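Please open the structure in a viewer and keep the sequence at hand.

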Amino acid sequence: VIAGRRMQLAQVAEALKKFSQRRSQFLLIEGAAGMGKSEFLQSVQRSLTQTRIRQVKVSCSQQELFRPYSLTTSILTALLKQRQDQGVSVFQSLSATDISHLSHLLPQLGGTERPATDDEKAQRQGIFAALMNFMPKLVDSRPLILLVDDLHLGDEASLLLFRRLLLRRELPLFICATATETQPGGADGQASPLKRFYAVHCQELDIRKVALQPLTASD
């Protein structure tokens, strides 16, 4: 147990208990820079070493704020690597249309002719539909744990995919992510994607914040 973090780890444990009942959970570990958020997430990961539930840990970077689905691509790549056949059997079960849409996210699917469309909304809907079909198959429709470091640098499209997956309830999802309290916005002064996402969807998705406070001298 990390010194001074017993209460926060208890909150994570409570969320995991609900998740074990196939109830999706979304936790946001929030604190100032240098507060030990990444270390806390590693502690959560260590506590899950004995579980057989599929899990992945990924990190966001500054570039991901401006590249749609970059976080999703990282998650998919990590999940594909965990499969013995690198996901070949899953790809074979998908339609040509789904493969075409997924090739926007996974370069290894290159060579597939992508749908010719100038309609960004139609393309976005196609990608979402393909992902909603692909992700449950990728984890054999079993519960999934996502550990995401620095989600305040995550892209908006991936956050909206999280929402779709959580609301659909077909795939029990446990999202435990870290974020700084002061989240970077865009050059135009807009709030960060995560800040906007939380403001709009926190109640709908029951997103709970776990605050990391400064450690005391005794800690």
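Is Gln-8 buried or exposed? Select Gln-8: the residue is buried, with a relative accessible area of 4% (buried means under 20% relative accessible area, exposed over 50%, partly exposed in between, with a 1.4 Å probe and protein chains only). This is a predicted model, in which local features need pLDDT of at least 70 and side-chain atom pairs count only at pLDDT 80 or more, while totals for chains, interfaces and linings use all residues. Residues are numbered from 1 along each chain as its sequence is written, and side-chain values use heavy atoms, with hydrogens and water left out.

Gln-8 lies in helix α1 (residues 6-19); helices (H or I, at least four residues) and strands (E, at least two) are DSSP runs, numbered from the N terminus. Display next the residues that Gln-8 touches (heavy atoms within 4.5 Å): beyond four places in sequence, these are Phe-40, Val-210, Ala-211, Leu-212 and Gln-213.

Then select Ile-75, Phe-134, Leu-146 and Leu-151, which touch the most other members of the 50-residue largest nonpolar core. Such a core is a set of buried Ala, Val, Leu, Ile, Met, Phe, Trp, Tyr and Cys residues joined through side-chain atoms within 4.5 Å. Helix α6 (residues 120-138) supplies the largest share of this core, eight residues. A second, separate core has 18 residues, including Ala-15, Leu-16, Ile-145 and Phe-174.

Finally, show the whole protein: eight helices and five strands. Of its 219 residues, 47% count as buried.
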